[in-house]
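Open the model in your viewer and keep the selection panel at hand. The stops below go from the whole chain to single side chains.

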Amino acid sequence: MRGIDRQRGIYLRGVSGSKPRVPTDATKLEERADGQMSPEAFAYIAGGAGSGATMRANRAAFERRRILPRMLRDVSERDTSVELFGRRLASPFLLAPIGVSEMADPGADVAVARAAATEGVPMVISSQASKPMEEIAEALGDTPRWFQLYWSTEDELVASFAARAEACGCEAIVITLDTTLLGWRTHDLDLAYLPFLRGKGIAQYTSDPVFNRLVAEHGKGPAGGGGPADAAKPKPTPAAIATLLALRRAKVSRAQVQRFINIYSRPSLTWEHLAFLRERTKLPILLKGICDPADAQRAIDLGMDGIVVSNHGGRQVDGAVATLDALPGVVAAVEGRIPVLMDSGIRTGADMFKALALGATAVLLGRPWVYGLAIAGEAGVREVIQNFDADFDLTLGLSGCTSISEVDPSRLVAS
Ligand SMILES: Cc1cc2nc3c(=O)[nH]c(=O)nc-3n(C[C@H](O)[C@H](O)[C@H](O)COP(=O)(O)O)c2cc1C
């Protein structure tokens, strides 16, 4: 079984004196990744909104629930698989969409895709990826991939992203709703660092024909175009010159960066807009960022196919509800009609067990895979996946369960 094999492998290698370079402990994993990245990169990845209250709440919600193990139930054979949109996943998790992974490793999303493919774990490709979705899809081979969409102010670009996603084999589109404005991210603000302004994490845009046409058309308009990014022409300091050189190395123009900043997200987005995408794709559409049961009901009314209960890992609303606390209400409202996934704060196999017990069909693994990427590139992501999977498999068995269907609310108690 996977859990036992992973565990034995680590102990056996220890006999020859070798220890895992990617820590199995979630806190140490983050600490080691910190040592591998620039302060700006670590702040961007690890940081949250405001005082960090939502990130703490996410973890506290897992701590407040405890697993009630049952004994003597023959757990020698365990089946961790689940069915999701017609696919059987070996284990109920996918890699969460995480942008700007080039800050952790130059191989970025392609390295992550290779790791996902080797481990057979589906990947959700980010709108803010560091590589074009077509390159990521190629590295994924036959491994399932979904595309995560940030809804631009330009509908034409939304349609182009969706069409490209379909063409490169994405099996679902995840619209992220909680980031129509960027949260007040104190770690990044204090370092005055936003990766997109340096041309990082905008590869989906710079590789898009509609986006590049919009850039060209904008250049022909009145000088500067008057958008917010145009107003902030950098002073010619050494730092500004270094940024310009970095843009040149990345083959990204200032015009592309400016256009991106002005159009990547649409604060005026409403429920009415969803019909635009619903009419244009046959792919399942999931809404990411839902925490309110009334929103979940509305998603179903509008023909959405799935929900991701998420608070963006505490990066958006400081003081937002923990996703594990929001999950039961959403699950109750959905009444099994569509799958409910969740993320934010999931670090261990026990966390995944608790999320499934409260009704999640599957979870998205977030920051831990980025930390693995920072520590050891593609191999590091593989190790994080293997550890998470093994931990879950063992937790399942040790809790007296042999399949996901046995993981229900009766397996949890409040601490
Ligand atoms: C550095 C970073 C970048 C992210 N980029 C995206 C993104 O491009 N699209 C998206 O929908 N969510 C994005 N997220 C949110 C994740 O998909 C996920 O909701 C979150 O990481 C879950 O929280 P956790 O990492 O604490 O478990 C990002 C999160 C982080 C940490």
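Among contacts in the protein chain between residues at least 6 apart in sequence, what percentage join residues at least 24 apart? The figure is 76%. Bear in mind throughout that this is a predicted model.

**Stop 1: the whole chain**

Show the chain as a cartoon and colour by secondary structure. There are 18 helices and 12 strands to pick out. The radius of gyration is 21 Å, close to the 22 Å that the globule rule gives for 415 residues, so the chain is as compact as a globular protein of that length. Along the principal axes, the C-alpha trace spans about 75 × 55 × 40 Å.

The accessible surface comes to about 17,600 Å², and carbon and sulfur atoms account for 55% of it. Of the 415 residues, 53% are buried.

**Stop 2: F147 and F161**

Hide the surface and turn to the aromatic rings. With ring centres within 6.5 Å taken as a pair, the chain has 12 aromatic pairs. F147 belongs to strand β6 (residues 145-149) and F161 to helix α7 (residues 155-167), so their pairing ties together parts that are 14 residues apart in sequence. Are these two side chains buried or exposed? F147 is buried, at a relative accessible area of 0%, and F161 is buried as well, at 1%.

**Stop 3: F196 and Y264**

Next select F196 and Y264. This aromatic pair is tilted, with the centres 6.1 Å apart and the planes at 40 degrees. Both partners sit in loops: F196 between α8 (186-191) and α9 (203-206), Y264 between α13 (254-263) and α14 (274-280), so the pair ties together parts that are 68 residues apart in sequence. F196 is buried at 3% relative accessibility, and Y264 is buried at 13%.

**Stop 4: the cluster**

Together, Y44, F147, F161, F196, Y205, F211, F260 and Y264 make up one aromatic cluster.

**Stop 5: arginines over rings**

Which residue has its charged end over the ring of Y44? Select R315: its charged end is 4.9 Å from the centre of the Y44 ring. Y44 is also a member of the cluster from the previous stop.

Finish at R280 and F276. R280 lies over the face of F276, 3.7 Å from the ring centre.

Note on methods: Residues numbered from 1 in each chain as written. Predicted model: local features only at pLDDT ≥ 70, side-chain atom pairs only at ≥ 80, totals over all residues. Heavy atoms only, no water. Phe/Tyr/Trp six-rings, centres within 6.5 Å; stacked < 30°, edge-to-face > 60°. Helix = DSSP H or I, 4+ residues; strand = E, 2+ residues; numbered from the N terminus. Buried < 20%, exposed > 50% of the residue type's maximum accessible area, 1.4 Å probe, protein only. Lys NZ or Arg CZ within 6 Å of the ring centre and 35° of its normal. Rg over C-alpha atoms; globule rule 2.2 N^0.38 Å. Contact = heavy atoms within 4.5 Å. Areas by Shrake-Rupley, 256 points an atom, 1.4 Å probe, with all protein chains shown as cover.
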